[in-house]
Amino acid sequence: MIGLLHPLRSGVTQHVVCYGTSLTACGAWVSQVAAALAMKYGNRVRVTNSGEGRQHSRWGLAHLRERALDLKPDVVLIEFAINDALTRFNLSPAESRANLTQMIDHI
């Protein structure tokens with residue numbers, strides 16, 4: 001969030017993309033972050049929710065371009081850990097880490 005706050009404090013408009021699972025798509029945290037930023041910075045910040053329920057970091061890596069990067073964000077907040085831990089997705093901790101690292105590298 002540091003990379004987001006400095007430009008906002010300087011008056012530069014910022015676009016935040018929240019990218020993750022149903023905790024992002026349907027959870028309260030995205031709207032709470034958007035409300036807190038709007039209260040402090042008004043219309044200088046735009047928050048886009050790119051969450052998708054029932055997904056995992058393998059899906060997140062495969063869809064990063066259209067769900068986050070193509071939106072030209074200044075900041076991307078990533079949330080995939082909970083579903084990566086579900087056995088039905090068959091993701092090892094190493095693959096989960098690699099997927100998240102690759103997302104960060106692409107961003």
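Threonine 21 lies in the loop between strand S1 (14-20) and helix H2 (22-25), where helices (H or I, at least four residues) and strands (E, at least two) are DSSP runs numbered from the N terminus. This is a predicted model, in which local features need pLDDT of at least 70 and side-chain atom pairs count only at pLDDT 80 or more, while totals for chains, interfaces and linings use all residues. Residues are numbered from 1 along each chain as its sequence is written, and side-chain values use heavy atoms, with hydrogens and water left out.

Threonine 21 has a relative accessible area of 0% and is therefore buried; the term buried means under 20% relative accessible area, exposed means over 50%, and partly exposed covers what lies in between (1.4 Å probe, protein chains only). The side chain of threonine 21 makes a polar contact with the side chain of glutamate 79 at 2.7 Å. A polar contact is a pair of N or O atoms within 3.5 Å; within protein, one must be able to donate a hydrogen and the other to accept it, and residues adjacent in sequence count only if both atoms are side-chain atoms. When its neighbours within four places in sequence are left aside, threonine 21 is in contact with Gly51, Glu52, Gly53, Gln55, Glu79, Phe80 and Asn83, contact being taken as heavy atoms within 4.5 Å.

Strand S1 itself is largely enclosed by the rest of the structure, because 7 of its 7 residues are buried. In a regular strand the side chains alternate between the two faces of the sheet. In S1, Gln14, Val16, Cys18 and Gly20 point one way, whereas His15, Val17 and Tyr19 point the other way, and all are buried. S1 runs parallel to strand S2 (residues 45-49), to which 5 bridges join it, and it also pairs in the parallel sense with strand S3 (residues 75-79) over 5 bridges; two strands pair if DSSP finds at least two bridges between them. Within these pairings, valine 17 stands opposite threonine 48 in S2, and cysteine 18 stands opposite leucine 77 in S3.

What is the count of disulfides? The count comes to 0 disulfides, a disulfide being a pair of cysteine sulfur atoms within 2.5 Å. Cysteine 18 is in no disulfide, and the nearest cysteine sulfur, that of cysteine 26, is 13 Å away. Cysteine 26 is likewise in no disulfide, its nearest cysteine sulfur being that of cysteine 18 at 13 Å. Cysteine 18 counts as buried at 0% relative accessibility, whereas cysteine 26 is exposed, with a relative accessible area of 68%.

The structure holds 3 salt bridges, each defined as a side-chain nitrogen of Lys or Arg within 4 Å of a carboxyl oxygen of Asp or Glu.

| Glutamate 52 | Arginine 67 | 3.2 Å |

In the salt bridge between glutamate 52 and arginine 67, glutamate 52 lies in the loop between S2 and H4 and arginine 67 in helix H5, so the pair ties together parts that are 15 residues apart in sequence. Glutamate 52 counts as partly exposed at 31% relative accessibility, and arginine 67 is partly exposed at 22%. Glutamate 95 is partly exposed, with a relative accessible area of 25%, and arginine 58 counts as partly exposed at 35%. For the remaining pair, aspartate 70 is partly exposed at 43% and arginine 65 is partly exposed at 48%.

Two loop residues have positive phi values. Phi of arginine 54 is near 60°, a positive value in a residue other than glycine; arginine 54 is found in the loop between S2 and helix H4 (57-62) and counts as exposed at 66% relative accessibility. Lysine 72, in the loop between helix H5 (64-67) and S3, has a phi near 55°, again a positive value in a residue other than glycine, and is exposed, with a relative accessible area of 65%.
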